[in-house]
Amino acid sequence: MHIPIILIIEDDPGFNSILQKSLVQKGYKILSSVSVIEAKAKLRNQKFDCILLDLHLEGGSGESIISTIRGNKKDANFASPVIVMSGFLEPDVVKRIVPMVQGMLVKPFDPSALFKKIESILGGSPKPPEE
């Protein structure tokens, strides 16, 4: 059985850690990045089933990551679903990114809303890891 791989791109270490732990408990495989440079390196080297993306990051913006992914049809993650997570969604930015993302959540959000969004995009929940 394929275990979905999710990339978390979030520069708040505490929030990043909470997301990782919660999603691993749900049965997902997780990789994470805290900066634009680190995220772009991971995106170049691996295909992800879903990308969770903060818009305000160290060393740049999440919007630049979206543009990089969607700007090249040969990119491994061109069709990977992106869910934006941000404490503040500026109307002009929202207008630009809406056609390129599969969801947006405003921080703070209920983790169950994130789980439901991921499950709806990926077609269900993976089985929890065997102990």
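Trainee: Leaving aside neighbours within four places in sequence, what is Leu-43 in contact with?
Mentor: Leu-43 touches Leu-7, Ile-9, Phe-48, Ile-51, Ile-65, Ile-69 and Asn-77; contact means heavy atoms within 4.5 Å. Keep in mind that this is a predicted model, where local features need pLDDT of at least 70, side-chain atom pairs count only at pLDDT 80 or more, and totals for chains, interfaces and linings use all residues. Residues are numbered from 1 along each chain as its sequence is written, and side-chain values use heavy atoms, with hydrogens and water left out.

Trainee: How many residues are in the largest nonpolar core?
Mentor: The largest nonpolar core has 19 residues, and Leu-43 is among those with the most contacts inside it, as are Ile-9 and Ile-51. Such a core is a set of buried Ala, Val, Leu, Ile, Met, Phe, Trp, Tyr and Cys residues joined through side-chain atoms within 4.5 Å. Buried is under 20% relative accessible area, exposed over 50%, partly exposed in between (1.4 Å probe, protein chains only).

Trainee: And which residues does the second core include?
Mentor: That separate core of 15 residues includes Leu-23, Ile-83, Met-85 and Leu-114.

Trainee: Switching to the sheet: what's the strand order?
Mentor: E2-E1-E3-E6-E7, five strands in an open sheet with parallel pairing. Helices (H or I, at least four residues) and strands (E, at least two) are DSSP runs numbered from the N terminus, and two strands pair if DSSP finds at least two bridges between them.

Trainee: Which strands are at the edges?
Mentor: E2 (29-33) and E7, each pairing on one side only.

Trainee: Who is the bridge partner of Val-84 in E7?
Mentor: Met-104. In the other direction, Val-84 in E6 is the bridge partner of Leu-53. E6 pairs with E7 over four bridges, and four bridges also join E3 to E6.

Trainee: Last topic: how many aromatic pairs?
Mentor: One, counting rings of Phe, Tyr and Trp (its six-membered ring) with centres within 6.5 Å; planes under 30 degrees apart are stacked, over 60 edge-to-face, the rest tilted. Phe-15 and Phe-109 sit edge-to-face, 5.8 Å centre to centre with 80° between the planes.
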